[in-house]
Amino acid sequence: MQHKVPLVIVRSLVFNVLFYLNLLVHFLAAIPTLVLPRRAIVEVTKFWARTNMVLLRRVCGIEVDFRGLDKIPRGAVLVASKHQSMWETFALLLLFDDPAYILKRELIFIPFFGWYAWKAGMISVNRGRGSQALADMTVGARAELARGRQIIIFPEGTRRAPGAEPSYRYGVVHLYAETGTRCVPIALNSGLFWPRRSIRRYPGTIVVEVLDPIAPGFDKQTFADMLQQGIETATARLVAEGERELARKMSEVRCQRSDFDL
């Protein structure tokens, strides 16, 4: 019996194979950076991010539209981004000069990935330590901010599907209050095109929008309200825009079928 494989699945499978091969190549190529200055691994990681963007564009038909880049201040800043997909875990590296992600401590123990995250000066957090985790995170963030770096945090702590009820955690509020630095909110719609827990990659344009920075000095509740309202309002707008484009793209794709037989 002959079946036609939808083109989006073929492209997604090809991309996933190339993505992990690309990751393996960069893991091996980056070994010398372990004995080089920290900046070396940061630049290798950015190059890896760029190659991923090329693969997404050429294999899956996924473009990227970065908006509001002129709103990013120079130097040390706190960055709070919506988190819908694995995509922003590497793509946001390209927006900043010397970024440092806040990540789960468990990731540091993954071979290669953990070594490079440690070398790059990423900030690991042991969530199981409760209030002490916040204190440890603050110490790490202050140290990296003092070096002029950009601290990237996902306020919800984990990926949320587009349209899901927001679930903002206290960590970003604590960092804002304790470090006394500006916060740059980021909205996006990546989850439409690179869904969480799925191998499928859908054609279209991922839109990332940098919002107006929030100045230091607001009380915690005011900051929390401003941050969530700003990100969620902009994200809802970008998701609606992306859904319209995705519907159009998928209509075009359905008119095409691969010649592969199962």
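The model is a predicted one, in which local features need pLDDT of at least 70 and side-chain atom pairs count only at pLDDT 80 or more, while totals for chains, interfaces and linings use all residues. Residues are numbered from 1 along each chain as its sequence is written, and side-chain values use heavy atoms, with hydrogens and water left out.

The chain averages a pLDDT (the predictor's confidence in each residue, from 0 to 100) of 92, and 94% of the residues score at least 70. Over residues 258–262 the pLDDT is below 50, yet this stretch has 14 contacts in the model beyond near neighbours in sequence; contact here means heavy atoms within 4.5 Å. Where pLDDT is low, the predicted coordinates should not be read in detail.

Asp-98 itself sits in the loop between helix H3 (88–91) and strand E4 (99–104). Helices (H or I, at least four residues) and strands (E, at least two) are DSSP runs, numbered from the N terminus. With a relative accessibility of 6%, Asp-98 counts as buried; buried means under 20% relative accessible area, exposed over 50%, and partly exposed in between (1.4 Å probe, protein chains only). Apart from neighbours within four places in sequence, Asp-98 is in contact with Arg-38, Arg-39, Val-42, Lys-46, Arg-149 and Gln-150.

Helix H6 spans residues 171–179, and its buried residues include Gly-171, Val-172, Val-173, His-174, Leu-175 and Tyr-176. After H6 comes Gly-180, with a positive phi near 60 degrees.

What of residues other than glycine? Most of them have a negative phi. Phe-112, although not a glycine, has a positive phi of about 70 degrees. Phe-112 is found in the loop between E4 and helix H4 (113–119) and is partly exposed, at a relative accessible area of 23%. Arg-197 also has a positive phi, near 55 degrees, and is a residue other than glycine. The loop between strand E7 (183–188) and strand E8 (204–210) holds Arg-197, which counts as exposed at 71% relative accessibility.
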